[in-house]
Amino acid sequence: MNRGLVLLVLLVLIVAALSLSWGDRGLAPQDILAALHGDPIAATILGTVRAPRVATALLVGACLGVAGAITQAVMRNPLAEPGLLGINSGASLGVALLVIGVEGAVGHLMPLAGFAGAALAATAIYALAWRGGTSSIRLILVGIGIGAATGALTSLLTVFGDIRDVQRAIAWMAGSIYNADWTKLRWLAVWSLPAFAITCCLARDLDLSAFDDDVGGALGLPLQAMRAVLIALCTLLAGASVAAAGPIGFVGLLAPQLVRGLSSRHAIRLPAAALCGALLLAGADLVGRLVQLPAGLLTPLIGVPFIGLLLWGRRND
Amino acid sequence: MTEPTSPVLLHAHDVTIGYHGRDIVNRLSIDIERGQFTALLGPNGCGKSTLLRALAGLLAPKSGAISLEGQPIAQLSRKQMARRLSFLPQIPRAPDDITVRDLVEQGRYPHRRALAPWSAADRAACTEALELTHMVALAERPLAALSGGQRQRAWLAMTLAQSADILLLDEPTTYLDMAHQLELLALLRRLVDERGKTILAVLHDINQAGQFADKLALLSDGEITSMGPPADVITAEVVRTVFHVEGMVLVNPMAPCPLFLPRTAVSSIDAAGDDTT
């Protein structure tokens with residue numbers, strides 16, 4: 001087995017263990033074991049607060065990592081990320097419309113609005129990029145355009161909305177996982193795990209999607225159909241994660257980028273990107289708890305220096 | 001042994017091909033015969049690459065039909081097509097960080113079923129492709145770190161790993177120096193003679209084409225103007241009309257096919273008015 005993958009698994013386990021034990025009330029390893037054997041206090045802290053939160057962080061991170069790996073292959077650009085498919089901007093617009101535009105208590109509908117917004121934006125980008133077929137560069141350009149347009153609409157809503165609604169919408173847009181619970185996690189799993197399994201079955205097709213159209217086509221890749229399926233999977237994964245945690249930037253860009261060196265094969269890259277994404281987001285959440293900030297604000301803080309490092313590493317290319 | 005029913009393997013009949021409303025190839029017909037090395041030549045922009053892409057099934061002709069062993073290629077799935085015919089574009093692009101081995105292994109894509117493990121046949125095809133192209137020693141190197149000629153050979157190895165009977169190659173000798181050009185053409189010749197492959201390659205050097213290919217097909221303004229054995233095609237007259245180059249045809253002391261010695265380029269207007277000479 002790939003050594004990089006083993007290392008990633010170990011790191012994820014370490015961060016998960018730290019996240020479970022770290023908090024206002026620390027839990028030593030023996031407390032965690034006690035919880036498993038029925039100690040009520042430890043079990044409450046673990047079962048209703050920390051475990052769902054850690055599991056959500058891991059799963060959302062994994063979704064974003066895999067969605068990022070798909071985007072980078074389909075867009076043939078190592079700097080592409082699911083946000084280019086309008087996922088984050090579409091979800092934000094969906095939530096802003098719901099919170100600011102609809103009267104009454106609608107907080108429980110926010111994940112749904114987020115997912116719908118993300119899916120609609122991705123569909124619009126795919127449809128508008130279609131000209132007897134799609135091409136990577138047209139998807140990127142249309143994606144940037146739709147992203148800007150939805151962003152502008154969201155800003156417009158926040159300018160005219162009621163200030164308390166605007167505040168709620170903006171808090172959601174920061175992206176966080178502190179109100180994770182088992183129900184949300186179950187929904188996330190239902191949406192994302194099948195998509196993740198299908199993506200892994202398509203690892204070879206992803207390998208070939210990163211080549212130019214003629215090479216892929218000549219080798220027998222059903223280009224257009226495959227691209228549509230891959231974009232749909234990416235939308236499902238990233239849309240489910242944005243529904244569960246709000247828009248979280250940089251994980252989808254960084255996680256696949258960090259594991260590129262392990263292999264050029266998606267059979268390795270996909271699980272590695274999933275693990276790396278899980279690690280990044282669980283790590284960001286852990287640090288976020290220490291400094292009282294939502295994970296969605298911390299991922300750029302971790303992300304930006306990494307991008308700097310990547311650029312530095314390639315300065316002679 | 002049963003004789004194949006028809007020597008024609010790949011057949012285009014009366015095809016018109018174009019992009020964005022402009023016709024590049026006009027009502028062209030061509031037969032590619034089994035077990036032959038056909039060289040496709042013509043001036044820049046005459047439609048060679050367009051024709052090759054259409055024959056590979058990557059570009060649907062606006063009218064006319066293309067068939068593979070009598071079966072219209074529009075009826076074949078992409079994978080079925082790829083198992084029988086491989087196509088190497090002029091400037092193929094791969095992800096930057098891929099190694100030669102990973103690139104070559106992509107050639108097995110049409111032969112693999114979903115989730116099927118890497119088979120002995122896959123391994124054998126890749127090893128053979130690397131050996132034929134002398135790329136074994138470079139197999140673990142990243143493609144981006146290779147010279148233009150090595151990269152071209154890596155791509156050819158990928159195409160060979162595809163184990164298709166027909167190879168369509170768009171200017172395979174472009175990035176190569178003279179020695180590597182000759183080596184590559186000799187390899188193509190061997191693939192035809194020893195493995196029974198059928199090759200259609202776009203080449204630029206008419207003398208090289210004459211030396212290595214069984215047949216030359218000259219394309220000019222989207223039409224096949226001349227096709228046949230090199231000795232029939234390489235005449236001063238044909239070269240002047242197709243390439244707008246004035247020169248002499250000499251007897252090649254080293255090979256049976258004639259040698260074209262270019263003297264000067266004539267502008268197309270001059271050539272049109274100069275038909276009587």
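Mentor: Start with a term. Two residues are in contact if their C-beta atoms, placed from the backbone, lie within 7 Å. Keep in mind that this is a predicted model.

Trainee: What covers the buried residues of H4(A)?
Mentor: The cover includes helix H5 (110–129), helix H6 (136–160), helix H7 (163–174) and helix H11 (223–245) of chain A.

Trainee: What makes H4(A) largely enclosed?
Mentor: Count its buried residues. A residue is buried if 20 or more other C-beta atoms lie within 10 Å of its own. In H4(A), 12 of the 15 residues are buried, so the rest of the structure largely encloses this helix. Among them are Ile87(A), Asn88(A), Leu93(A), Val95(A) and Val99(A).

Trainee: How many helices and strands does chain A have?
Mentor: Chain A has 14 helices and 0 strands.

Trainee: Why is chain A called as compact as a globular protein of that length?
Mentor: Its radius of gyration is 20 Å. The globule rule gives 20 Å for 317 residues, and the two values are close, so the description holds. The C-alpha atoms of chain A fill a box of roughly 60 × 55 × 40 Å along the principal axes. Buried residues make up 51% of chain A.

Trainee: What percentage of contacts in chain A between residues at least 6 apart in sequence join residues at least 24 apart?
Mentor: The share is 77%.

Trainee: Why is Gly217(A) called buried?
Mentor: Gly217(A) lies in helix H10 of chain A. The cut-off is 20 or more other C-beta atoms within 10 Å. Gly217(A) has 24, so it is buried.

Trainee: Which residues does Gly217(A) contact, leaving aside its neighbours within four places in sequence?
Mentor: They are Leu223(A), Leu58(B) and Arg78(B).

Trainee: How do you know that the buried residues of H4(B) line one face of the helix?
Mentor: Name them before judging. Ala125(B), Cys126(B), Ala129(B) and Leu130(B) are buried. Seen down the helix axis, the buried residues of H4(B) fall within an arc of 130 degrees, so they line one face. An α-helix has 3.6 residues a turn, so residues three or four places apart point the same way.

Trainee: Which residues are exposed on the other side of H4(B)?
Mentor: Ala120(B), Ala121(B), Arg123(B), Ala124(B) and Glu131(B) are exposed there. The buried residues of H4(B) pack against helix H3 (100–106) and helix H5 (148–161) of chain B.

Trainee: What comes just after H4(B)?
Mentor: His134(B) does, with a positive phi of about 55 degrees.

Note on methods:
Residues are numbered from 1 along each chain as its sequence is written. Chains are lettered from A and ligands numbered from 1 in the order in which they are written. This is a predicted model: local features need pLDDT of at least 70, side-chain atom pairs count only at pLDDT 80 or more; totals for chains, interfaces and linings use all residues. Helices (H or I, at least four residues) and strands (E, at least two) are DSSP runs, numbered from the N terminus. The radius of gyration is taken over C-alpha atoms; the globule rule is 2.2 Å times the number of residues to the power 0.38. The arc is that of the directions from the helix axis to the C-beta atoms.
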